[in-house]
Amino acid sequence: MNTITHVPVGRFAPSPTGRMHLGNLLTALVSWLSVRSRGGNWILRIEDLDPQRSKADYARQIEEDLLWLGLDWDEGGLADRGEAGPYSQSRRGELYEAALGRLRDAGLVYPCRCTRADLNATQAPHASDGRTLYTGRCRPEGLPRQVDWGDGRSSVRLYVGDEPEVEFTDGVFGRQRVSLQCECGDYVVRRADGAWAYQLAVVVDDALMGVTEVVRGCDLLGSAAQQIALHRVLGYEPPEYVHLPLVCNAAGQRLSKRDPQMALDALRSRYTAREIIGMLGRLAGINPTGEPCTPEDLLQRFTLSAIPRVESVTCG
């Protein structure tokens with residue numbers, strides 16, 4: 001179980017796959033303000049599970065950019081400051097392996113040998129948004145479950161179980177009720193190529209680092225229920241979740257690291273750190289005029305209730 005903490009613990013967990021943009025920075029600022037306004041601690045964790053796209057130079061630039069903006073952290077970063085390290089996911093494989101072993105011993109996971117073609121042929125479309133639902137093609141039947149792990153070259157799926165719904169209250173979007181059986185079915189915790197799935201890695205990291213609040217974009221709101229369920233089966237207390245509107249450009253397009261005009265290096269050539277923080281404060285609903293300011297200037301104004309309850313905001 002988690003160690004009881006008496007202070008809020010937040011985290012910013014960027015992927016070092018390019019320069020940050022205003023959407024990444026809005027997440028960082030709101031997370032920082034939320035825990036700092038309550039006397040809490042802030043962790044910088046590097047989510048570099050993708051070895052092909054993750055670069056050490058980007059991780060170093062993330063740190064430099066955060067400090068330039070005035071966003072400091074108490075634990076983590078490339079220096080691994082703190083007792084819950086390492087703070088880069090690429091070096092936490094043994095911890096994920098241990099968690100997967102617990103799930104395997106408890107009979108909560110099974111190998112899935114479905115190819116992409118199999119999944120496309122057998123998955124049922126989700127009724128509301130076109131997403132697909134895993135139908136349990138490889139799920140063993142009966143109890144006790146007889147699982148043949150074979151040569152280990154299969155993905156590993158977590159049994160969703162019979163829990164009718166996962167309920168939680170999001171800090172921005174309010175009460176959520178999700179049926180995992182209807183939304184996704186059994187989901188992958190380790191890929192067939194041996195790479196760790198985001199769902200498992202982020203749950204283990206948040207739990208072992210004592211994170212009590214997760215702030216991120218609302219594109220991940222749909223995965224919160226999966227992570228809460230995984231926290232519970234591993235015996236962890238789930239954190240609180242705060243999902244933010246996605247930041248779009250003037251044309252209404254979601255910002256991307258592939259958009260060089262909105263990357264932080266381009267922004268730094270046109271704006272001061274105070275101007276950028278002022279823009280972000282406007283997007284968060286706590287700096288209506290967008291006047292230049294520092295993160296500390298926004299601490300007294302910060303409230304989650306000010307954040308627009310919409311799917312996107314425009315930075316243009």
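Colleague: What volume does the largest pocket have?
Modeller: This is a predicted model. The lining of the largest pocket counts 33 residues. The volume of the largest pocket is about 1,000 Å³.

Colleague: Which residues lie nearest the centre of the largest pocket?
Modeller: The lining divides into 13 nonpolar, 10 polar and 10 charged residues. Nearest the centre lie Ser-15, Asn-24, Asp-219, Leu-220 and Arg-254.

Colleague: Which element supplies the largest share of the lining of the largest pocket?
Modeller: Strands E1 (9-12), E11 (213-217) and E13 (246-248) each supply at least two lining residues, and so does helix H1 (22-36). The largest share is 4 residues, and the element that supplies these is H1.

Colleague: Is the crossing of H6 and H7 left-handed or right-handed?
Modeller: The two axes cross at roughly 60 degrees. The hand of this crossing is right-handed.

Colleague: Which residues in H7 meet H6?
Modeller: The H6 side brings Tyr-198, Gln-199, Leu-200, Val-202, Val-203, Asp-206 and Ala-207. They meet, in H7, Gln-226, Gln-227, Leu-230 and His-231.

Colleague: How many residues of the contact of H6 with H7 are charged?
Modeller: Of the contact residues, 6 are nonpolar and 4 are polar. Asp-206 in H6 is part of the contact. The charged count is 1.

Definitions and conventions. Residues are numbered from 1 along each chain as its sequence is written. This is a predicted model: local features need pLDDT of at least 70, side-chain atom pairs count only at pLDDT 80 or more; totals for chains, interfaces and linings use all residues. Side-chain values use heavy atoms; hydrogens and water are left out. Axes are lines fitted to C-alpha atoms, for helices over the stretch in contact, and angles run from 0 to 180 degrees between N-to-C directions. A crossing is left-handed if the near helix is turned anticlockwise from the far one by less than a right angle, and right-handed if clockwise. Contact means heavy atoms within 4.5 Å. Ala, Val, Leu, Ile, Met, Phe, Trp, Tyr, Cys and Pro count as nonpolar, Asp, Glu, Lys and Arg as charged, and the others, Gly among them, as polar. On a 1 Å grid over the protein atoms alone, a cavity is a set of points where a 1.4 Å probe fits but cannot get out, and a pocket is an open set with protein on both sides within 12 Å along at least five of seven lines; lining residues have an atom within 4 Å of a point. Grid points are joined across faces, edges and corners, and a volume is the space filled by probe spheres set on the points.
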